[in-house]
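Here is a short note for a first reading of this model. Please keep the sequence and the structure open while going through the points.

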Amino acid sequence: MPELPDVETLARRLRRRLRGRRIRRVRVLTPSTIRHPDPATFSRALRGRRIVGVDRRGKYLLICLRGDLTLAVHLRMTGDFEITDSGAPVHRHTRVLFEMNGFHLRFIDLRRFGHMDLLTPRQLQRLPGLSTLGVEPLGPQFTRIRLREIVRGHRMGLKALLLRQDLIAGIGNLYADEILWQARLHPARATGTLREEQIAALHRIIRRVLDRAVRRLSRYGRAVGVFLDAREREGRCPRCHGPLRTGRIGGRTTFFCPRCQR
Ligand SMILES: [Zn+2]
């Protein structure tokens with residue numbers, strides 16, 4: 001399931017290829033992928049339109065178009081974009097096909113939970129899920145003081161807090177586990193019990209984990225962390241080598257080390 005590092009890497013890749021390019025034609029193969037407007041209006045509005053940039057906000061991919069329109073895409077479980085030759089066979093899970101000059105941009109989505117909205121600036125500001133997003137953890141506004149305000153202002157379990165998109169945008173289940181393991185904090189630990197230096201460490205680790213994942217993803221095509229790697233490989237803690245524990249915490253399947261994380 002794509003999280004901030006995955007969407008950021010995709011945004012960078014698409015930005016390099018798409019900026020300044022014109023969309024010749026759009027074919028909607030799965031109408032339910034388009035939430036707004038209706039698929040026919042969607043295709044018509046995009047025909048001949050030039051792409052001016054590609055951005056990310058939280059887990060949303062934003063394709064910015066001339067004429068002040070934004071294509072807001074959420075990949076959900078399995079959504080992804082592929083750039084292919086115009087003549088390449090169309091993969092059966094292709095949902096939307098953008099014909100460009102000399103190549104195709106294809107939206108592939110096995111599970112079909114991904115969706116896109118074509119929006120004016122005003123509509124974009126009101127898009128549920130996007131308009132309510134919290135601070136960008138890799139952005140300049142995510143300071144130690146900001147995290148402290150977030151932690152002190154919400155009484156809840158730490159993992160649940162990290163997953164709240166309206167507080168900090170873009171962290172999902174996998175990276176929340178990695179961050180908490182690196183910070184040696186139990187996922188169910190109550191926010192109210194954190195000491196100042198633990199908040200400072202958590203702030204540093206959130207940025208470091210996400211930043212490294214973005215860099216490793218763009219370099220090797222696979223993002224992982226120390227903890228996620230070990231969890232997949234042997235199911236043991238890479239620090240104390242004890243067995244990991246799993247449970248439902250913050251509403252999600254969670255892995256942690258009962259010895260190292262308090
Ligand atoms: Zn451990």
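**Notes on the model**

1. Asp211 is partly exposed, with a relative accessible area of 33%; partly exposed lies between buried, under 20%, and exposed, over 50% (1.4 Å probe, protein chains only). Its side chain meets that of Arg215 in a salt bridge of 3.0 Å, N to O, where a salt bridge is a side-chain nitrogen of Lys or Arg within 4 Å of a carboxyl oxygen of Asp or Glu. Both residues lie in helix H7, 4 residues apart, about one turn of the helix. An α-helix has 3.6 residues a turn, so residues three or four places apart point the same way. Arg215 is also partly exposed, at 41%.

2. On the source: this is a predicted model, in which local features need pLDDT of at least 70 and side-chain atom pairs count only at pLDDT 80 or more, while totals for chains, interfaces and linings use all residues. Residues are numbered from 1 along each chain as its sequence is written, and side-chain values use heavy atoms, with hydrogens and water left out.

3. The structure holds 15 salt bridges. One of them joins Arg56 and Glu136, with the closest N and O atoms 2.9 Å apart. Arg56 is in strand S3 (residues 51-57) and Glu136 is in the loop between helix H3 (121-126) and helix H4 (144-153), so this pair links distant parts of the chain, 80 residues apart. Helices (H or I, at least four residues) and strands (E, at least two) are DSSP runs, numbered from the N terminus. Arg56 is buried at 15%, and Glu136 is buried at 16%. Both belong to a network of salt bridges that also includes Glu8, Arg12 and Arg57.

4. Glu196 forms a salt bridge with Arg148, again with 2.9 Å between the closest N and O atoms. Glu196 lies in helix H7 (residues 196-220) and Arg148 in helix H4, so the pair ties together parts 48 residues apart in sequence. Glu196 is partly exposed at 37%, and Arg148 is partly exposed at 38%.

5. Which residues supply the protein donors of the zinc ion? They are Cys237, Cys240, Cys257 and Cys260, each through SG, at 2.2 to 2.4 Å. Donors are N, O and S atoms within 2.8 Å of the metal (3.2 Å for Na, K and Ca); water is not among the atoms, so sites may look incomplete. The site is tetrahedral, with angles of 100 to 115° among its 4 donor atoms; for four donors, that term requires all angles to lie between 85 and 135 degrees. The donor spacing in sequence is C-x2-C-x16-C-x2-C.

6. The structure holds 3 aromatic pairs, meaning rings of Phe, Tyr or Trp (its six-membered ring) with centres within 6.5 Å; planes under 30 degrees apart count as stacked, over 60 as edge-to-face and the rest as tilted. Phe81 and Phe98 form a tilted pair, 6.5 Å centre to centre with 45° between the planes. Phe81 is buried at 2%, as is Phe98 at 2%. Phe81 and Phe107 form a tilted pair too, at 5.1 Å and 55°. Phe107 is buried at 0%. Ring pairs link Phe81, Phe98 and Phe107 into a cluster.

Terms used
Four donors count as tetrahedral if all angles lie between 85 and 135 degrees; four count as square planar and six as octahedral if opposite donors are over 155 degrees apart and all others between 65 and 115; anything else is irregular.
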